[in-house]
Structures are given as C-alpha cells and as structure tokens.
Amino acid sequence: MNTNRSLPRRAALAATAAAAGLVLAACGSNDSTNTAGTTAATTTAPASTEADRHNQADVTFAQGMIPHHRQAIVMSDMVESLGASSEVKELAEKIKKAQKPEIDTMTGWLKAWGEKVPTGFDMGHGDDNSGMPGMMGDQDINRLGNAKGNAFDTMFLTMMIEHHEGAIDMAETEKQQGAYGPAKALADSIIISQTAEIAQMRTMLAG
C-alpha cells in the first residue's frame with residue numbers, strides 16, 4: 001500500500017485485496033500450500049474413443065491373424081473330403097467354427113480404427129504372408145490337398161500344429177506390445193485354446 005494515500009483509501013484497497021484473495025483460494029492456485037478448491041480446478045481428460053485406444057501392435061495383430069484364421073478354415077475344409085478318421089474331422093470342425101467369430105471381431109476393430117481389412121491370405125496391404133508365423137505357402141497347401149487317407153491325417157495334424165504355434169507367437173507379441181484390451185483378451189483366448197488343441201493333435205499323432 002502507498003503510505004501517502006489517505007487512510008480510507010488504503011482501507012478500501014485492503015478490503016478489495018482480501019476479497020480477491022478469497023476468490024483465488026476458492027478457485028485454487030499454483031501455490032503448493034494452497035489446497036482450497038483443488039478438486040474444482042482439476043481437469044478430467046475426455047474419454048478416448050474406440051478409434052484411439054489401440055497402437056500399431058494391435059493393428060498388426062488383427063491384420064495378421066485374420067488371414068491366418070482364413071487359412072485354418074481352408075485347411076479344415078479339406079478334411080471333409082480327404083480326412084480318413086472321424087477324430088480328425090471332429091477336430092477340424094471345431095477349429096473351423098472358432099475362426100469366423102474371431103475374424104468378424106477383428107474386422108470390426110480394423111474398420112473402427114480406419115485400417116485396411118485383409119483380403120484373402122495377405123494382411124490387407126498386398127503383403128507377402130511369409131512373414132506371418134506358421135502360415136503355409138501355396139506349395140504346402142497343394143501337398144495337403146493331394147494327400148489321401150492316413151497320409152492326409154498325418155500331414156494335416158503336423159501342419160496344423162505348426163499353424164497353431166504361429167498363431168500363439170502372434171498372440172504373445174500382442175500381449176507384450178498391444179494397448180487395446182479386447183485384442184489382448186482375444187490373444188489370451190487364442191493361446192489357451194490352441195495350446196490345448198496342439199496337445200490333442202500331438203496325442204493323435206503319437207497314437
């Protein structure tokens with residue numbers, strides 16, 4: 001306060017300053033000792049949308065697993081006409097039924113994220129699928145299609161084990177690097193179900 005000012009003037013200014021201090025206290029301030037009004041001053045971040053909850057690992061997981069699942073369906077379809085044992089047919093039908101709902105789920109994610117949905121056996125960008133773990137090349141698929149009876153069963157089981165192991169590798173990567181919760185949950189489900197099926201197929205081969 002300027003000491004040259006009149007007493008009434010100084011009193012009025014003091015009252016104004018006190019009032020201003022109360023307002024600042026109510027609103028909160030940068031002073032670490034002032035705790036008044038801190039709740040009101042806290043800014044809550046807006047909820048993220050479905051389109052920004054993922055990262056590149058989630059995109060890669062979906063774009064890789066969709067064609068991977070499609071190939072499992074193609075291999076399972078061959079069993080109906082070429083498989084010799086009812087046990088292999090039953091397993092193939094189980095594998096086939098599990099793929100489509102998961103393909104539909106992952107397709108929905110990619111569309112929500114504005115990412116390319118794979119077509120056929122590629123990852124949606126014309127990619128060479130040889131980089132996807134466990135993915136069979138055309139030559140392998142043709143060999144399977146030309147096998148008959150017990151030879152087909154053995155080849156189917158051997159190739160499907162490798163295929164499942166590839167899916168598990170992709171799922172493990174998603175669990176380690178992904179950010180999108182539902183994708184990580186699906187990865188967990190794939191690991192559990194396909195690990196069990198691998199054990200079953202190994203038992204079938206040993207028998």
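## Thr-107 and helix α4

Leaving aside neighbours within four places in sequence, Thr-107 is in contact with Ile-66 and Val-117. Contact here means heavy atoms within 4.5 Å. Thr-107 sits in helix α4. Its relative accessibility is 14%, so Thr-107 counts as buried. The cut-offs are these: buried is under 20% relative accessible area, exposed is over 50%, and partly exposed lies in between, with a 1.4 Å probe and protein chains only.

## Basis of the model

This is a predicted model, in which local features need pLDDT of at least 70, side-chain atom pairs count only at pLDDT 80 or more, and totals for chains, interfaces and linings use all residues. Residues are numbered from 1 along each chain as its sequence is written, and side-chain values use heavy atoms, with hydrogens and water left out.

## Overall make-up

The protein chain has seven helices and zero strands. Along the sequence the pattern reads α-α-α-α-α-α-α. Helices (H or I, at least four residues) and strands (E, at least two) are DSSP runs, numbered from the N terminus.

The protein chain has 207 residues, and buried residues make up 36% of them. Take the contacts between residues at least 6 apart in sequence: 73% of these join residues at least 24 apart.

## Helix α3 against α4

Helix α3 covers residues 56-82 and helix α4 covers residues 86-113. Their axes come within 8 Å and cross at roughly 150°. Axes are lines fitted to C-alpha atoms, for helices over the stretch in contact, and angles run from 0 to 180 degrees between N-to-C directions. The crossing angle makes α3 roughly antiparallel to α4. Angles under 35 degrees count as roughly parallel, over 145 as roughly antiparallel, 65 to 115 as roughly perpendicular, and the rest as oblique.

The crossing of α3 past α4 is left-handed. Left-handed means that the near helix is turned anticlockwise from the far one by less than a right angle; right-handed means clockwise. By class, the contact of α3 with α4 holds 16 nonpolar, five polar and seven charged residues. Ala, Val, Leu, Ile, Met, Phe, Trp, Tyr, Cys and Pro count as nonpolar; Asp, Glu, Lys and Arg count as charged; the others, Gly among them, count as polar.

The axes of α3 and α6 come within 10 Å and cross at roughly 165°. That makes α3 roughly antiparallel to α6. The crossing of α3 past α6 is left-handed. The residues of this contact divide into 15 nonpolar, eight polar and two charged.

The axes of α3 and α5 come within 10 Å and cross at roughly 15°. The two helices, α3 and α5, are therefore roughly parallel to each other. Here α3 passes α5 in a right-handed crossing. From α3 the contact takes Gln-71, Met-75, Met-78 and Leu-82; from α5 it takes Ile-141, Leu-144 and Gly-145. By class, that contact has five nonpolar, two polar and no charged residues.

## Two buried sites that touch other segments

Ala-57 lies in helix α3. It counts as buried, at 18% relative accessibility. Neighbours within four places in sequence aside, Ala-57 is in contact with Glu-174, Gln-177 and Gly-178. Ala-57 and Tyr-180 are 123 residues apart along the chain, yet their C-alpha atoms are separated by 9.0 Å.

Met-136 is placed in the loop between α4 and α5 (138-146). With a relative accessible area of 5%, Met-136 is buried. Not counting residues up to four places away in sequence, Met-136 touches Gln-71, Met-75, Ile-141, Met-159, Glu-162 and His-163. Met-136 and Met-160 are 24 residues apart in sequence and 9.5 Å apart in space, C-alpha to C-alpha.

## Helix α7

Helix α7 (residues 181-206) has 26 residues, which at 1.5 Å a residue should span 38 Å. The expected span is 1.5 Å times one less than the number of residues. The end C-alpha atoms of α7 are 38 Å apart, which agrees.

The buried residues of α7 are Ala-183, Leu-186, Ala-187, Ile-190, Ile-191, Gln-194, Glu-197, Ile-198, Met-201 and Met-204. What covers them includes α3, α4 and α6 (149-177). Asp-188 is also found in α7. With a relative accessible area of 32%, Asp-188 is partly exposed. Asp-188 and Glu-172 are 16 residues apart in sequence and 8.1 Å apart in space, C-alpha to C-alpha.
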